[in-house]
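Please look at the sequence and the model before reading on.

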Amino acid sequence: MRFTPLEQIDSNFLRNIKIIATDMDGTLTQKGKFTSDLLLMFEKLAVSDLQVLIVTGRSAGWVSGLVNYLPIAGAIAENGGLFYPAKNEEAIALTSISNRLEHRQELAAVFQKLQQSFPQICESSDNCFRITDWTFDVRGLSAEQLERLSSLCQELGLGFTYSNVQCHIKPLNQDKATGLMQVLQDYFQCLPEQVLTVGDSPNDESLFNPQYFPFSVGVANALEYANHLSYQPAYITKASEGQGFCEACRKILRVSGKLSN
(Lines give C-alpha, C1' and ligand atoms only; values in the text may rest on other atoms or scores of the structure.)
Protein backbone atom coordinates (compact mmCIF):
# COMPACT_ATOMS: atom_id res chain seq x y z
CA MET A 1 0.00 0.00 0.00
CA ARG A 2 1.51 3.31 -1.12
CA PHE A 3 1.06 6.54 0.80
CA THR A 4 1.63 9.99 -0.67
CA PRO A 5 4.36 11.88 1.20
CA LEU A 6 3.25 15.21 2.63
CA GLU A 7 5.97 16.97 0.65
CA GLN A 8 4.02 16.18 -2.53
CA ILE A 9 0.87 18.07 -1.50
CA ASP A 10 -0.12 20.92 -3.82
CA SER A 11 0.93 24.18 -2.16
CA ASN A 12 -2.18 25.89 -3.52
CA PHE A 13 -4.30 23.65 -1.30
CA LEU A 14 -2.33 24.62 1.79
CA ARG A 15 -2.78 28.33 1.12
CA ASN A 16 -6.52 27.89 1.74
CA ILE A 17 -6.12 26.17 5.12
CA LYS A 18 -7.61 28.12 8.03
CA ILE A 19 -8.00 25.41 10.66
CA ILE A 20 -5.85 22.45 11.69
CA ALA A 21 -8.04 19.83 13.35
CA THR A 22 -5.81 17.34 15.09
CA ASP A 23 -5.89 14.28 17.28
CA MET A 24 -3.82 14.51 20.45
CA ASP A 25 -2.28 11.28 21.81
CA GLY A 26 0.29 9.96 19.36
CA THR A 27 -0.23 12.97 17.10
CA LEU A 28 0.59 16.00 19.24
CA THR A 29 2.43 14.12 21.97
CA GLN A 30 5.95 12.73 21.69
CA LYS A 31 6.35 9.59 23.81
CA GLY A 32 3.24 10.65 25.71
CA LYS A 33 4.29 14.23 26.44
CA PHE A 34 3.84 17.72 24.99
CA THR A 35 7.23 19.05 23.93
CA SER A 36 8.61 22.58 23.88
CA ASP A 37 8.73 22.36 20.07
CA LEU A 38 4.99 21.67 19.98
CA LEU A 39 4.13 24.56 22.29
CA LEU A 40 6.30 26.89 20.20
CA MET A 41 4.52 25.70 17.07
CA PHE A 42 1.14 26.46 18.66
CA GLU A 43 2.34 30.01 19.25
CA LYS A 44 3.56 30.37 15.66
CA LEU A 45 0.23 29.14 14.33
CA ALA A 46 -1.68 31.55 16.58
CA VAL A 47 0.23 34.61 15.40
CA SER A 48 -0.21 33.44 11.80
CA ASP A 49 -4.02 33.33 12.17
CA LEU A 50 -4.13 29.55 11.79
CA GLN A 51 -6.52 28.09 14.33
CA VAL A 52 -6.05 24.71 16.00
CA LEU A 53 -8.88 22.45 17.10
CA ILE A 54 -7.93 19.38 19.11
CA VAL A 55 -10.19 16.42 18.35
CA THR A 56 -9.48 13.72 20.92
CA GLY A 57 -10.88 10.65 22.56
CA ARG A 58 -9.89 11.99 25.96
CA SER A 59 -12.55 12.57 28.60
CA ALA A 60 -14.76 15.61 29.14
CA GLY A 61 -13.06 16.27 32.47
CA TRP A 62 -9.59 16.14 30.94
CA VAL A 63 -10.41 18.31 27.91
CA SER A 64 -12.28 20.96 29.91
CA GLY A 65 -8.96 21.88 31.53
CA LEU A 66 -6.87 21.50 28.39
CA VAL A 67 -8.52 24.37 26.50
CA ASN A 68 -7.59 26.81 29.26
CA TYR A 69 -3.84 26.16 28.96
CA LEU A 70 -3.13 25.97 25.25
CA PRO A 71 -3.40 28.72 22.58
CA ILE A 72 -6.08 26.84 20.63
CA ALA A 73 -9.58 27.65 19.35
CA GLY A 74 -11.17 24.79 21.25
CA ALA A 75 -11.24 21.03 21.70
CA ILE A 76 -13.66 18.22 20.93
CA ALA A 77 -13.73 15.50 23.57
CA GLU A 78 -14.78 11.85 23.65
CA ASN A 79 -14.43 11.24 19.90
CA GLY A 80 -17.02 13.82 18.88
CA GLY A 81 -19.21 13.84 21.98
CA LEU A 82 -18.66 17.37 23.30
CA PHE A 83 -17.12 20.66 22.20
CA TYR A 84 -15.18 22.92 24.56
CA PRO A 85 -14.60 26.38 23.06
CA ALA A 86 -11.69 28.45 24.31
CA LYS A 87 -12.37 31.34 26.72
CA ASN A 88 -13.79 29.24 29.59
CA GLU A 89 -17.17 28.67 27.98
CA GLU A 90 -19.34 25.73 29.00
CA ALA A 91 -19.26 22.45 27.10
CA ILE A 92 -21.52 22.10 24.08
CA ALA A 93 -23.10 18.68 23.58
CA LEU A 94 -22.58 17.28 20.09
CA THR A 95 -24.32 13.98 20.82
CA SER A 96 -27.93 14.06 22.00
CA ILE A 97 -28.34 12.15 25.26
CA SER A 98 -31.76 12.55 26.88
CA ASN A 99 -30.81 11.06 30.26
CA ARG A 100 -27.13 11.02 31.14
CA LEU A 101 -27.54 8.78 34.19
CA GLU A 102 -29.38 6.11 32.21
CA HIS A 103 -26.84 6.43 29.40
CA ARG A 104 -23.95 5.83 31.80
CA GLN A 105 -25.75 2.85 33.28
CA GLU A 106 -26.24 1.38 29.80
CA LEU A 107 -22.57 1.83 28.97
CA ALA A 108 -21.54 0.20 32.26
CA ALA A 109 -23.82 -2.76 31.58
CA VAL A 110 -22.31 -3.25 28.11
CA PHE A 111 -18.80 -3.09 29.58
CA GLN A 112 -19.71 -5.81 32.08
CA LYS A 113 -20.99 -7.99 29.22
CA LEU A 114 -17.73 -7.48 27.35
CA GLN A 115 -15.81 -8.55 30.45
CA GLN A 116 -17.60 -11.89 30.36
CA SER A 117 -15.80 -12.67 27.09
CA PHE A 118 -12.68 -10.63 27.86
CA PRO A 119 -12.08 -10.79 31.64
CA GLN A 120 -8.66 -9.13 31.24
CA ILE A 121 -10.02 -5.73 30.14
CA CYS A 122 -9.73 -2.98 32.75
CA GLU A 123 -11.74 0.21 33.01
CA SER A 124 -9.70 3.35 32.27
CA SER A 125 -8.79 5.56 35.20
CA ASP A 126 -10.45 8.61 33.61
CA ASN A 127 -13.78 6.89 33.04
CA CYS A 128 -15.44 8.67 35.95
CA PHE A 129 -14.83 11.99 34.15
CA ARG A 130 -16.66 10.91 30.98
CA ILE A 131 -20.16 11.77 29.78
CA THR A 132 -20.85 10.20 26.39
CA ASP A 133 -18.61 7.12 26.21
CA TRP A 134 -17.03 4.37 28.34
CA THR A 135 -13.37 3.45 28.06
CA PHE A 136 -11.01 0.65 28.93
CA ASP A 137 -7.29 0.16 28.33
CA VAL A 138 -6.22 -1.06 24.89
CA ARG A 139 -2.89 -2.59 25.89
CA GLY A 140 -2.61 -6.35 25.54
CA LEU A 141 -5.47 -6.67 23.05
CA SER A 142 -4.75 -8.17 19.63
CA ALA A 143 -6.22 -6.93 16.35
CA GLU A 144 -8.51 -9.96 16.28
CA GLN A 145 -9.74 -9.28 19.81
CA LEU A 146 -10.41 -5.64 18.96
CA GLU A 147 -12.48 -6.71 15.96
CA ARG A 148 -14.46 -9.09 18.17
CA LEU A 149 -15.07 -6.34 20.74
CA SER A 150 -16.35 -4.08 17.97
CA SER A 151 -18.75 -6.78 16.77
CA LEU A 152 -20.05 -7.39 20.29
CA CYS A 153 -20.74 -3.68 20.80
CA GLN A 154 -22.58 -3.51 17.48
CA GLU A 155 -24.73 -6.48 18.54
CA LEU A 156 -25.57 -4.61 21.75
CA GLY A 157 -26.57 -1.44 19.86
CA LEU A 158 -23.48 0.67 20.51
CA GLY A 159 -20.41 1.75 18.60
CA PHE A 160 -16.77 0.93 19.30
CA THR A 161 -13.42 2.43 18.40
CA TYR A 162 -9.89 2.46 19.78
CA SER A 163 -6.69 4.47 19.79
CA ASN A 164 -3.15 3.77 20.90
CA VAL A 165 -4.34 4.48 24.46
CA GLN A 166 -7.94 3.36 25.00
CA CYS A 167 -10.93 1.45 23.69
CA HIS A 168 -14.22 3.36 23.55
CA ILE A 169 -17.80 2.13 23.85
CA LYS A 170 -19.89 4.94 22.38
CA PRO A 171 -23.16 5.92 20.71
CA LEU A 172 -23.38 4.41 17.24
CA ASN A 173 -23.21 7.64 15.25
CA GLN A 174 -20.63 9.42 17.39
CA ASP A 175 -17.27 9.93 15.72
CA LYS A 176 -14.67 12.63 15.27
CA ALA A 177 -15.71 13.68 11.77
CA THR A 178 -19.38 14.09 12.65
CA GLY A 179 -18.55 16.20 15.69
CA LEU A 180 -15.98 18.27 13.82
CA MET A 181 -18.35 18.95 10.91
CA GLN A 182 -20.97 20.23 13.33
CA VAL A 183 -18.48 22.48 15.12
CA LEU A 184 -17.12 23.89 11.86
CA GLN A 185 -20.60 24.72 10.63
CA ASP A 186 -22.00 26.16 13.85
CA TYR A 187 -19.01 28.02 15.30
CA PHE A 188 -16.42 28.65 12.59
CA GLN A 189 -18.36 28.93 9.30
CA CYS A 190 -15.46 27.10 7.71
CA LEU A 191 -15.59 24.80 4.67
CA PRO A 192 -14.05 21.29 4.84
CA GLU A 193 -11.52 22.20 2.13
CA GLN A 194 -10.22 24.93 4.46
CA VAL A 195 -9.40 22.33 7.13
CA LEU A 196 -6.38 20.09 7.47
CA THR A 197 -7.10 17.03 9.62
CA VAL A 198 -4.26 15.18 11.34
CA GLY A 199 -4.27 11.85 13.17
CA ASP A 200 -2.60 8.52 13.83
CA SER A 201 -5.06 5.87 15.07
CA PRO A 202 -8.24 3.96 14.17
CA ASN A 203 -10.40 6.43 16.11
CA ASP A 204 -9.10 9.09 13.68
CA GLU A 205 -10.17 7.24 10.54
CA SER A 206 -13.32 9.35 10.06
CA LEU A 207 -11.02 12.39 9.86
CA PHE A 208 -9.34 10.66 6.90
CA ASN A 209 -12.64 10.20 5.03
CA PRO A 210 -12.20 12.20 1.79
CA GLN A 211 -15.96 12.68 1.49
CA TYR A 212 -15.71 14.92 4.55
CA PHE A 213 -12.13 16.22 4.55
CA PRO A 214 -10.13 16.15 1.30
CA PHE A 215 -6.88 17.23 2.99
CA SER A 216 -5.91 14.78 5.71
CA VAL A 217 -2.50 13.92 7.10
CA GLY A 218 -1.33 10.90 9.03
CA VAL A 219 1.78 11.27 11.14
CA ALA A 220 4.23 8.49 10.29
CA ASN A 221 3.16 6.22 13.15
CA ALA A 222 -0.29 5.96 11.52
CA LEU A 223 1.35 3.40 9.22
CA GLU A 224 1.19 0.94 12.14
CA TYR A 225 -2.59 0.86 11.71
CA ALA A 226 -2.70 1.02 7.90
CA ASN A 227 -4.39 -2.37 7.55
CA HIS A 228 -7.01 -1.52 10.18
CA LEU A 229 -8.28 1.78 8.76
CA SER A 230 -11.39 2.01 6.60
CA TYR A 231 -10.08 5.36 5.32
CA GLN A 232 -6.42 6.20 4.78
CA PRO A 233 -4.88 9.64 5.22
CA ALA A 234 -4.35 11.51 1.97
CA TYR A 235 -0.77 12.34 2.95
CA ILE A 236 1.81 11.00 5.39
CA THR A 237 4.62 12.80 7.23
CA LYS A 238 8.21 11.64 7.46
CA ALA A 239 8.32 12.10 11.23
CA SER A 240 6.20 10.37 13.86
CA GLU A 241 3.95 11.74 16.62
CA GLY A 242 4.36 15.38 17.60
CA GLN A 243 7.35 15.84 15.32
CA GLY A 244 5.15 14.78 12.40
CA PHE A 245 2.51 17.31 13.41
CA CYS A 246 5.14 20.07 13.52
CA GLU A 247 6.39 18.92 10.10
CA ALA A 248 2.92 19.44 8.66
CA CYS A 249 2.57 22.85 10.31
CA ARG A 250 5.94 24.02 9.02
CA LYS A 251 4.83 23.08 5.51
CA ILE A 252 1.73 25.26 5.83
CA LEU A 253 3.64 28.17 7.34
CA ARG A 254 6.31 28.08 4.62
CA VAL A 255 3.69 28.09 1.87
CA SER A 256 2.01 31.09 3.50
CA GLY A 257 5.36 32.88 3.74
CA LYS A 258 5.23 33.00 7.54
CA LEU A 259 8.14 30.65 8.18
CA SER A 260 11.51 31.16 6.59
CA ASN A 261 13.30 28.00 7.76
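Which element supplies the largest share of the lining of the largest pocket? That share, five residues, comes from α5, and both α5 (143-155) and β7 (159-162) give at least two residues each to the lining. Helices (H or I, at least four residues) and strands (E, at least two) are DSSP runs numbered from the N terminus.

The model is predicted, so that local features need pLDDT of at least 70 and side-chain atom pairs pLDDT 80 or more, while totals for chains, interfaces and linings use all residues. Residues are numbered from 1 along each chain as its sequence is written, and side-chain values use heavy atoms, with hydrogens and water left out.

Of the 26 residues lining the largest pocket, F160, T161, P202, E205 and S230 are the closest to its centre. The largest cavity is lined by residues including D23, D25, R58, H168 and N203, and the search of the whole structure finds one cavity of 30 Å³ or more.

| Space | Volume | Nonpolar | Polar | Charged |
|---|---|---|---|---|
| Largest pocket | about 480 Å³ | nine residues | 12 residues | five residues |

On a 1 Å grid over the protein atoms alone, a cavity is a set of points where a 1.4 Å probe fits but cannot get out, a pocket is an open set with protein on both sides within 12 Å along at least five of seven lines, and lining residues have an atom within 4 Å of a point.

Helix α2 (residues 36-47) and helix α7 (residues 241-255) pack at about 25 degrees with their axes 10 Å apart, and are therefore roughly parallel (angles under 35 degrees). Their contact (heavy atoms within 4.5 Å) involves, among others, L38, M41 and F42 of α2 and F245, C249 and L253 of α7. The contact residues divide into eight nonpolar, no polar and three charged.

Note on methods
Axes are lines fitted to C-alpha atoms, for helices over the stretch in contact, and angles run from 0 to 180 degrees between N-to-C directions. Angles under 35 degrees count as roughly parallel, over 145 as roughly antiparallel, 65 to 115 as roughly perpendicular and the rest as oblique. Ala, Val, Leu, Ile, Met, Phe, Trp, Tyr, Cys and Pro count as nonpolar, Asp, Glu, Lys and Arg as charged, and the others, Gly among them, as polar. Grid points are joined across faces, edges and corners, and a volume is the space filled by probe spheres set on the points.
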